[in-house]
Amino acid sequence: MFLDYFALGVIIFVAVFLFYGVIVIHDIPYEIAKKRNHPQQDALHVAGWVSLFTLHAIWPFLWIWATLYREDRGWGFNKVVERELALEDEVKQLNQTVAQLEQRLSAVEGGQTALHVVETPSNDQEKES
């Protein structure tokens, strides 16, 4: 009789332990996000609760999502953004250079056309002579 009650107590203890263990495990990404001052902490917390209903199928993705952000370096794309801004500046400078060269080319072509116009009557006058 004692072993029956002991076994029932063990089963209840294990069930309660597993229940609270699963709840603690689902909250790990949120705790990581809170520690790292993640800008999307609330979304991670809600997604963690949703992962309970999906039997923690999305939990590894939440872990990755929580660990991607660090307060000191953000998402880790700062160098990419700086490089992109530098490339944008280079493109702007190249566009300005191309515009200046096009203006100079049109001025040179305009000057050659004016010379052709001047030369053409001269040639015609020579033919008439």
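User: Among contacts in the protein chain between residues at least 6 apart in sequence, what percentage join residues at least 24 apart?

Analyst: A contact means heavy atoms within 4.5 Å, and in the protein chain 56% of the contacts between residues at least 6 apart in sequence join residues at least 24 apart. This is a predicted model, in which local features need pLDDT of at least 70 and side-chain atom pairs count only at pLDDT 80 or more, while totals for chains, interfaces and linings use all residues. Residues are numbered from 1 along each chain as its sequence is written, and side-chain values use heavy atoms, with hydrogens and water left out.

User: How many helices and strands does the protein chain have?

Analyst: Helices (H or I, at least four residues) and strands (E, at least two) are DSSP runs, numbered from the N terminus; the protein chain has five helices and zero strands.

User: Is Q41 buried or exposed?

Analyst: Buried means under 20% relative accessible area, exposed over 50%, and partly exposed in between, with a 1.4 Å probe and protein chains only. Q41 has 17% relative accessibility and therefore counts as buried; Q41 is found in helix 3, residues 41–53.

User: Which residues does Q41 touch, not counting residues up to four places away in sequence?

Analyst: With those sequence neighbours left aside, Q41 touches Y30, A33 and K34.

User: What percentage of the residues of the protein chain count as buried?

Analyst: Of its 129 residues, 14% count as buried.
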